[in-house]
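Me: Please take a close look at a single part of this structure, and then relate it to other parts in one connected account.

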Amino acid sequence: MVMELLAPAGSYDVFKIAVNLGADAVYLAGQNFGARAYAENFTTEEIKKSVEYAHLNNAKVFITVNTLINNFEIIDFLKYIFKLYKIGVDAVIVQDFGVLKLLKSIFPEMKIHASTQMSLNNYYSVLWAKENGVSRVIFPRELSIDEISKIHKKLKRNDVDIELEVFSHGALCYSVSGNCYISSLNNGRSGNRGACTQPCRREYLLKYKGHKVGDGYLLSTHDLNLSDDLDKLSESGIDSIKLEGRMKSEDYVGTIVNSYRNLLNKKEGSFKDDLNLVFNRNFTKGYIFNQKPSEVMGRESSGHIGFYIGEITSINREYPEIVQENTDTKNKKLHKYKKRKSKEENEKDDESERRVRTVKEIKVSKKNPIQIEKGDGIAFKFGNKIKGIYIDDIIEQNEEYIVFNTTRNIRVGDKVYISYSKSIHKELKKYKKEFIQSKIPISLNMFLDDKLNIKVNINYTLNDDMIEFEYIASSKFEKAINRPIKKEEIEKQLSKTGNTPFFVDRTEINNFKNDIFIPVSKLNEIRREILEKATETLLNYYKTDKNKINDAKSRLNRFVKKYKSKKDLSKKELSKKELSKNLENEKIESTDLKSEKLESKNLSFGNNDLRRKDILGLSVFVDNIELVEVASSYNLNKIYFDPSYLYANPNDYFENIEKTIMDALSKITVQELVWVLPSLISDEEIEKCNIIFNSLKNKGVPISIMCDIPGIKPLFDFKLYGNHTLNVWNNFSCEKLSESGFNSLILSPELSFEEMKNLVLNYMNKDIDLEMIAHGNLEVIMTNDDFSNLNKNKSLNMDISEYAILEDKKRKKFKYKILSDFNKKSHIINKDCLCLIDEMDKIRKIGLDSIILDCRFSNENYTSNIISLYLEAINETNHEKLNSLKKEIYSLSHSYLSKGNFLDGRIHEKGKK
């Protein structure tokens with residue numbers, strides 16, 4: 001079976017072109033909740049129009065609602081989904097775990113695709129998706145074809161029916177699974193909300209041990225192009241290939257859809273070459289085909305250059321050319337002004353508007369035998385500078401070279417590229433108009449009774465469903481007076497289905513007599529009415545049943561009513577609780593209360609008897625045994641131990657990790673030690689970790705686990721904690737992940753105080769711990785890039801536990817640390833340190849179970865001091881004292897202290913609440 005071709009569209013004009021050129025499905029976004037906030041996007045009416053147009057052309061429409069949703073937006077979001085449900089969209093693409101829960105409970109028939117940002121990269125997470133109502137998983141771009149094939153085979157072996165999708169063409173996110181926080185935490189524009197500022201396309205300097213080791217577009221990737229590997233993708237079990245490009249032009253989308261459609265259909269032609277003639281940053285086969293980071297990265301440039309033609313081999317001649325500077329527009333502006341001047345003055349002005357320029361006749365050798373045409377766009381590259389022209393005359397051209405004129409300041413040796421194809425642009429114009437393609441085979445079975453009345457049974461297939469209906473004609477056959485009609489004439493007339501979704505693949509005429517006649521006009525009328533009825537049944541097939549719409553509306557109304565009343569009740573209960581707490585504080589000294597409650601919390605190891613908001617606990621992230629020992633001397637809830645940075649390779653990690661965990665456990669006093677599993681963990685790694693987990697369990701030392709994917713709870717039957725990369729933005733995410741076995745979750749560091757408070761307010765009675773990171777240099781990107789292939793083919797070869805500094809070349813205040821884990825994945829850490837110690841009053845009002853200090857990549861002295869200061873601050877209410885504690889942190893820190901999004905949220909959303 002041929003894989004589905006899934007195309008992007010950022011506007012209705014682009015959408016039409018994608019469908020007209022053969023896309024099986026198109027993904028697009030409405031005005032809100034899609035991950036491309038700056039695309040033109042679609043109004044609800046345009047979505048409705050698009051869905052009908054797609055269905056008439058036997059194509060599908062998937063709507064992206066793949067941003068993260070906060071509690072303030074839940075009702076508006078669900079009302080929007082209800083509109084999509086009524087329209088009859090074919091599926092929605094989601095990232096948010098809470099959205100998944102809401103959609104399955106209110107719109108259970110709606111198909112859901114799990115976005116690549118959900119990071120479902122192994123068998124266990126895909127199985128979890130299937131069990132939770134997901135019909136398709138879109139794999140991260142970092143997953144290899146071998147891993148995909150293994151996942152597919154295991155799914156098939158266990159009779160798990162779920163569709164698998166990968167990206168096959170277009171821009172690559174630098175960050176794993178597109179989970180990037182650099183834009184949000186430094187610019188207030190969240191990539192998870194569709195407002196990415198594309199920091200990966202900026203210029204950077206890279207320094208290691210004080211020396212510059214690289215500069216340029218260090219985080220910029222080449223564009224993905226898997227046009228050579230479609231058979232391999234199909235053989236690995238992929239059902240759908242996705243083309244990236246919702247921000248791209250009509251020419252871009254039209255060209256890549258046309259190329260991939262014809263390649264999938266095994267057509268002959270220059271379709272692969274055409275891909276070079278639209279926007280690209282040079283191509284890579286990506287991590288999916290096991291290319292190295294040095295092959296995936298394109299550090300020389302972050303923009304489109306074009307397809308390489310060759311070099312300028314000679315400048316044949318140069319000559320001056322006089323040009324008239326002014327344009328028609330400029331003439332109009334000068335017209336009145338000239339009238340006021342004398343004739344001599346005007347003649348002098350006309351002469352001054354002329355200038356002399358130098359025309360150069362150049363010869364370019366062709367390294368790639370491409371035919372250049374007048375009107376094509378050409379780019380000249382010298383060093384990092386690029387200059388372009390549109391060719392208006394070609395002097396000579398053959399397979400080896402081309403000679404043409406240019407006025408650009410070029411030199412022999414400059415590289416020449418074609419960056420725009422006039423012929424492609426012209427060819428695509430014919431696909432801009434709406435037209436219906438006859439793609440669906442339809443069968444007509446005609447019956448004539450004794451009185452020559454006509455009945456036709458019609459059937460066709462949609463999505464493996466047989467659609468059948470009966471047609472009774474108002475016209476009838478008559479006895480022939482002169483020339484009887486032949487059966488072939490009837491079949492020919494009925495087969496004319498132009499500009500409808502159907503083509504007739506079978507016609508049967510039963511009880512046909514050789515002496516009968518019917519006018520052609522009557523046959524045309526019969527054909528037209530049959531096709532109109534068939535089109536009506538086709539559109540009705542995709543529309544949501546009215547009874548189901550009414551049921552969904554009732555569920556939605558009940559939810560909205562309950563959600564609003566629950567929110568009001570939660571506020572009242574919180575007010576009562578705060579009043580009770582204030583009265584209690586008048587009787588008990590705060591220092592005694594702090595000591596007593598901390599002790600109680602630590603003694604009830606892993607026990608959630610103390611309800612949220614009674615006491616604010618403290619936990620810490622550490623990355624080595626020395627810091628575990630430091631942390632174990634304090635009254636902490638949990639010590640999150642992340643040993644990923646202790647080893648140089650996977651073999652060392654898995655050979656030593658059990659002993660390392662045992663050493664860490666030996667340092668623990670009353671705290672809970674939590675083993676932080678590797679990020680984007682593979683099936684092979686899960687199985688190895690499970691063996692170590694069971695070995696520890698058999699030794700009588702079960703250990704809690706932290707991970708960033710759902711679905712592994714059955715393998716690790718102890719406490720399971722969720723990392724912040726699960727992107728918890730609303731209380732329904734908490735519910736879904738709680739149902740999936742998580743005992744504790746870290747709220748997203750992208751959230752503001754108000755958003756966190758509202759989330760907890762709606763989740764205050766649930767049996768799961770909620771935490772937030774209150775201090776530390778936060779990870780903003782995890783990437784497969786190992787910083788090889790830098791300038792002059794240098795590579796960043798860091799020792800374990802060392803780091804490099806990445807600096808924005810133009811905005812030098814934006815600096816980051818780069819560290820490498822045992823898998824050679826790079827972790828880019830914000831050099832600004834999140835510090836919320838002086839916001840403890842607000843943090844207490846949120847109602848969390850505990851706050852977390854991220855002390856990874858720190859020394860023992862710093863970690864000890866930070867823990868001490870926050871323990872002192874937890875119950876401190878005096879603002880002057882809190883400010884004093886922050887000053888102490890400032891004296892300890894080598895970083896600028898930041899409050900992240902905690903106070904102001906994300907600036908591009910101001911006023912939207």
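Reply: In this predicted model, Lys266 has a relative accessibility of 55% and therefore counts as exposed, since the term applies to values over 50%. Its partner in a salt bridge is Asp231, and the closest N and O atoms of the two are 2.7 Å apart. Asp231 belongs to helix 8 (residues 230-235), whereas Lys266 sits in the loop between helix 9 (250-264) and helix 10 (271-274), so the contact ties together parts that lie 35 residues apart in sequence. Asp231 has a relative accessible area of 43% and is partly exposed.

This pair may be set beside other salt bridges, of which the structure holds 53. One of them joins the side chains of Glu4 and Arg136, with 2.8 Å from N to O. Because Glu4 lies in strand 1 (residues 4-8) and Arg136 in strand 6 (residues 136-138), the pair connects parts that are 132 residues apart in sequence. Both partners are enclosed: Glu4 is buried at a relative accessible area of 13%, and Arg136 counts as buried at 3% relative accessibility. The two also belong to a network of salt bridges that links Glu4, Arg136, Glu163, Glu165 and Lys242.

A further salt bridge brings together the side chains of Lys809 and Glu203, at 3.9 Å from N to O. Lys809 is found in the loop between strand 34 and strand 35, and Glu203 in the loop between helix 7 (182-187) and strand 8 (204-208), so the pair ties together parts separated by 606 residues in sequence. Lys809 counts as partly exposed, with 29% relative accessibility, and Glu203 is likewise classed as partly exposed, at 25%.

The strands named here lead to a sheet. Strands of a sheet pair through backbone hydrogen bonds, in either a parallel or an antiparallel manner. Six strands make up an open sheet in the order 9-8-34-35-36-33, with antiparallel pairing. Its edges are strand 9 (211-216) and strand 33 (779-783), each of which pairs on one side only. From one strand to the next, the twist averages 25°. Within this sheet, strand 34 (residues 804-808) and strand 35 (residues 815-820) are paired in the antiparallel sense over four bridges. Ala804 has Ile818 in strand 35 as its bridge partner.

Parallel pairing can be followed around strand 27. From strand 27 (residues 638-641), Lys638 and Tyr640 point one way while Ile639 and Phe641 point the other way, and all are buried. Strand 26 (residues 617-622) runs parallel to strand 27 and is joined to it by three bridges. Here Val620 stands opposite Ile639 in strand 27. Between these two strands the chain passes through helix 19 (residues 625-631), and this β-α-β crossover is right-handed. Strand 27 also pairs in the parallel sense with strand 28 (residues 672-676), over four bridges, and Tyr640 stands opposite Val674 in strand 28. The chain goes from strand 27 to strand 28 through helix 20 (residues 650-667), in another β-α-β crossover that is right-handed.

Burial may also be examined in a helix. Seven of the ten residues of helix 4 (residues 97-106) are buried, so this helix is largely enclosed by the rest of the structure. The buried residues are Phe97, Gly98, Val99, Leu100, Leu102, Leu103 and Ile106. At the start of helix 4, a side-chain oxygen of Asp96 comes to within 2.7 Å of the backbone nitrogen of Gly98.

Aromatic rings provide a further kind of contact. The structure holds 26 aromatic pairs. In one of them, the ring centres of Tyr123 and Tyr124 are 5.5 Å apart and the planes stand at 80°, so the pair is edge-to-face; the class requires an angle over 60 degrees. Both Tyr123 and Tyr124 are buried. The rings of Tyr541 and Tyr542 are also edge-to-face, because their centres lie 5.1 Å apart with the planes at 85°. In this pair, Tyr541 counts as partly exposed at 26% relative accessibility, whereas Tyr542 is buried, with a relative accessible area of 10%. Elsewhere, Tyr12, Phe15, Phe42 and Tyr53 form one aromatic cluster.

Conventions
Residues are numbered from 1 along each chain as its sequence is written. This is a predicted model: local features need pLDDT of at least 70, side-chain atom pairs count only at pLDDT 80 or more; totals for chains, interfaces and linings use all residues. Side-chain values use heavy atoms; hydrogens and water are left out. Buried means under 20% relative accessible area, exposed over 50%, partly exposed in between (1.4 Å probe, protein chains only). A polar contact is a pair of N or O atoms within 3.5 Å; within protein, one must be able to donate a hydrogen and the other to accept it, and residues adjacent in sequence count only if both atoms are side-chain atoms. Two strands pair if DSSP finds at least two bridges between them. Axes are lines fitted to C-alpha atoms, for helices over the stretch in contact, and angles run from 0 to 180 degrees between N-to-C directions. A salt bridge is a side-chain nitrogen of Lys or Arg within 4 Å of a carboxyl oxygen of Asp or Glu. A crossover is right-handed if, with the strands pointing away from the viewer, the path from the first strand over the helix to the second runs clockwise. Rings of Phe, Tyr and Trp (its six-membered ring) pair if their centres lie within 6.5 Å; planes under 30 degrees apart count as stacked, over 60 as edge-to-face and the rest as tilted.
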